[in-house]
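Hi everyone, thanks for making time.

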Amino acid sequence: MKVLACDGIHEDGLALFRDAGWEVVVSDPVKEPAALAAALKDVDAILVRSATKVPAEALTDAAQLRVIGRAGAGVDTIDVDAATQRGIAVMNAPDGNTLAAAEHAISLLFALARHIPRADAGMKAGQWPKAGLTGFELEGKKLGVIGLGRIGGTVARKAQGIGMEVAAHDPFLPASAAGKGSVPLKTLDELLAWADVVTLHIPRTKETTNLLSETSMRSMKKGAYLINAARGGLVDEAALLALIEEGHIAGAALDTFVTEPLPADSALRGNAKLILTPHLGASTSEAQQAVSTILARQIIDFVATGAVAGCVNLPPLTAEAAREVGPWIPLMSSLGRLAARLVPAPTRLDITYAGRTEALDTRPLSRLLVAALLGTASGRVTPVNALQEAAARGLVVSETLGGDGDGFDRLLKLRVVGEDRTREIEATLHRGPRVVRLDGVEIEFDPQAHVLLLRNEDRPGMIGVVGSTLGAAGVNIVNFALGAAGDGQARAAITVDRPVNDEQLAALRATPGILSLAQV
């Protein structure tokens, strides 16, 4: 396995990859999509911070890439939709820099309140700039926190600790959450009109881009302050600058910007009431060490065991849950391929996990099954993009948990529907992974083996005819499972020691009494 580490990933995380036997390639930030695309051609995972962006065009030829890891929280510099479409997992490490980001926001709060950067610059210029730098005390002031997640919640707690009155607005929390916990929730309009200082702690999405527009910032209390140490693009920078220059907003502190690095000629640089820092929120040695090791463990576990943590485009799966579903993984892949052979263009897939299912996390199993079912058609299909690919191809997938296991501890039932046929498969792990029924007929076989599925007239001599034909071709029969369908026909699953070639299959299909034959 090979990992490309860009943007100065901490050595502690890279050491974990090396200890796990991975090849580690360290790179400076890769700014050009074409250069990144070339670098990703033989890479299994890439680690980035904020300098290297991963757009869709960089993933075009990344056939080997399985994981994009963001050493931090935000993934707005990664085209998650494009990665998902290509079956690539996108992981982050949001917990590793929580304290660093929260403390930086608090430091900007103090810097705004006491004009520390302007005072420092004046002193170093040989001045005594005391006049005009009268600040304000934070105790008793109202802090409006937009986004009450890990970082926002930490900022709220620390601000309460210095005596501030804190309220919050969170666009991702339901209205029913208001009044719960120690921080009251308000609507955005209510919060902006109430707060003396507003601080942002939300991701940048389509919905949150320019959340603080000129209109919304005009609804802020005259003389209020603004802090954005979350993501560039949450604030309309031109409108903010205009509102500061006209005196409606007293000042602001920005750690993140729409364009990073901030252009040398940016108008933001020329306003003395703006405090600017170069995206330092997560820049502590402790945070960088933490995010690198968290991310490394997540990626190594994902590749080695299927455990999913910190993944923004896959449901979470703990290491314990991964061990629980692990024995099912080979069976799901082989059943998906089997279903694809039985129904080449399915329009519906009904999956039932019967028997004892309370401890089984079925989400990764269903995704794996769908990926195997669709993977033989076209394109790259993995559990990451399986459900999206199913929807795009018109395949309806339903999942049911519970029900009668028909004597089995756990029984998997599949119903695969196509335009001209419907096939049913039942399988279990009891005494090893195996199919136990096909179209309601009890026949047992290992779907991971070389198997011929036969439908024939239910009359004497058919087993001998098939056996003789295969024997003459030099094909050894490992197991022959036969079941009567009750309609004058029989079903057979013949396990052989090697694949049967097209000429041999044609000879079998031409045998009188054989109605259909498929090799899986």
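How do the residues of the lining of the largest cavity divide into nonpolar, polar and charged? There are seven nonpolar, one polar and no charged. Here Ala, Val, Leu, Ile, Met, Phe, Trp, Tyr, Cys and Pro count as nonpolar, Asp, Glu, Lys and Arg as charged, and the others, Gly among them, as polar.

Before going on, a word on the source. This is a predicted model, where local features need pLDDT of at least 70, side-chain atom pairs count only at pLDDT 80 or more, and totals for chains, interfaces and linings use all residues. Residues are numbered from 1 along each chain as its sequence is written, and side-chain values use heavy atoms, with hydrogens and water left out.

Back to that cavity. The structure holds one cavity of 30 Å³ or more, and the volume of the largest cavity is about 30 Å³. On a 1 Å grid over the protein atoms alone, a cavity is a set of points where a 1.4 Å probe fits but cannot get out, while a pocket is an open set with protein on both sides within 12 Å along at least five of seven lines; lining residues have an atom within 4 Å of a point. Points are joined across faces, edges and corners, and a volume is the space filled by probe spheres set on them.

Around the largest cavity you'll find L454, N456, M462, I463, V466, F480, L482 and A492. Helix α15 gives the most to this lining, with three residues. Helices (H or I, at least four residues) and strands (E, at least two) are DSSP runs, numbered from the N terminus.

Now look at I494, in strand β19 (residues 489-496). I494 is buried, at 0% relative accessible area; buried means under 20%, exposed over 50%, partly exposed in between (1.4 Å probe, protein chains only). Leaving aside neighbours within four places in sequence, I494 has contacts (heavy atoms within 4.5 Å) that include L454, V466 and F480.

Over in helix α4 (residues 98-114) sits H104. Is H104 buried or exposed? It counts as buried, because its relative accessibility is 13%. Beyond four places in sequence, H104 touches D255, T277, L280 and G281.

Last stop: the second largest pocket, with about 470 Å³ of space. Its lining has 16 nonpolar, four polar and five charged residues, and α13 supplies the largest share, five residues.
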